[in-house]
Amino acid sequence: MGDISSLGYVRVRATDMAAWRTFAFETAGFAEGSGPETDALYLRMDERAGRIVILPGEEDRVEAVGWEVRDHLALDRARQAVEAAGVPVKPLSQEECDLRRVETAFAFEAPGGTPVEIFHGPALDHTPLATPYGNRFVTGKLGAGHVVVPVGDLDGAFRFYSETLGFLPRGAFRMPTPPEAAPVRLRFLGVNARHHSLALLPSPELKSPALVHIMVEYETLDEVGQALDRVLKAGYHLSSTLGRHTNDKMVSFYVRTPGGWDLEIGWQGALVEEGSYTAEEITADSYWGHSWDFS
């Protein structure tokens, strides 16, 4: 594996902060964290102040996908690799790092358009985690979950993440295309035992810095079911019914967030034994369920 160890955080700009507050804490079940940005919402899942940070903005978009490395040596190696690939990097100032509650970080735009930050040294919040419904999240060495982003140049983005940053290919899903067209694949990539921490969706319509979805994993199936009940009761758009995916075996559903992208809430994702794993191509996204409504 490369130096990237996990998905550390996602920073998102939002046009309706009040709607986000209701969705995040009353429906989705995040704990409310705290941090130096007083106008932000910190969606807490563990000892980090906020794995997802919602910030006010003039449009709904992703501001940064933050990938974690072990220490300053790993950070230097990652920076050198990005620069060697011809991608300009911007070291974050001390003030910018303090806002993110990390020791050191740098930023760049990944091929495909996603704004990326790589960091080390996250500050921890040691107060007890108090989620509103007693639910718990699967994080730790597996990171915050996974993120799916749209890319225009799939091959270029895939090569960058795998060859430059050391993400491990974890299979693909061949998307329907006309017979005369070349194969188009949704690519999955991992950085730890979680099946995938990143997926790249070829999308000529949805442009970066957009999000497709973020997945968070609960500890029990009951917690997922209870969240689904809250989503339905509150009248949020269900982008997908409950189902089990074929690649990561996750039992999950998808709900449309106030930002227009989806939050996948899941349980019991598969853990990859890297020594015996080979990248496969799935031919269906789910064994059962996951009836999609993209309206």
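Strand E1 (residues 4-14) and strand E5 (residues 61-69) run antiparallel, paired over eight bridges. This is a predicted model. Within it, Arg11 faces Ala64 of E5 across the pairing.

**The sheet**

Eight strands make up an open sheet. Their order is E2-E3-E4-E1-E5-E8-E7-E6, and the pairing is mixed. Which strands stand at the edges? They are strand E2 (31-33) and strand E6 (90-91). Each has a single partner strand, so one side of each has no neighbour in the sheet.

Helix H2 (residues 72-84) packs on it and touches E5, strand E7 (104-109) and strand E8 (115-120). The direction of H2 makes about 20° with that of E7.

The model has two cavities of 30 Å³ or more.

| Space | Volume | Lining by class |
|---|---|---|
| Largest pocket | About 830 Å³ | 17 nonpolar, eight polar, seven charged |
| Largest cavity | About 160 Å³ | nine nonpolar, two polar, five charged |
| Second largest cavity | About 60 Å³ | five nonpolar, four polar, three charged |

**The largest cavity**

The largest cavity holds about 160 Å³ of space. It is lined by 16 residues. Tyr9, Ala49, Gly50, Arg100 and Arg101 are the closest to its centre. Two elements, E1 and helix H3 (94-100), each give two or more residues to this lining. Which element gives the largest share? E1 does, with three residues.

The lining of the second largest cavity includes three histidines: His146, His195 and His196. Arg194, Glu217 and Asp248 also belong to it.

**The largest pocket**

How many residues line the largest pocket? The answer is 32. Leu201, Val212, His213, Trp292 and Phe294 lie nearest its centre. Strand E9 (146-151), strand E10 (168-175), strand E11 (184-190) and strand E12 (198-202) each supply at least two residues. Strand E15 (251-256) and strand E16 (262-267) also supply at least two residues each.

Notes
Residues numbered from 1 in each chain as written. Predicted model: local features only at pLDDT ≥ 70, side-chain atom pairs only at ≥ 80, totals over all residues. Heavy atoms only, no water. 1 Å grid on protein atoms, 1.4 Å probe; cavity = no way out; pocket = protein on both sides within 12 Å on 5 of 7 lines; lining within 4 Å. Points joined across faces, edges and corners; volume = space filled by probe spheres on them. Helix = DSSP H or I, 4+ residues; strand = E, 2+ residues; numbered from the N terminus. Nonpolar A, V, L, I, M, F, W, Y, C, P; charged D, E, K, R; others polar. Pairing = 2+ DSSP bridges. Contact = heavy atoms within 4.5 Å. Axes fitted to C-alpha atoms, helices over the stretch in contact; angles between N-to-C directions.
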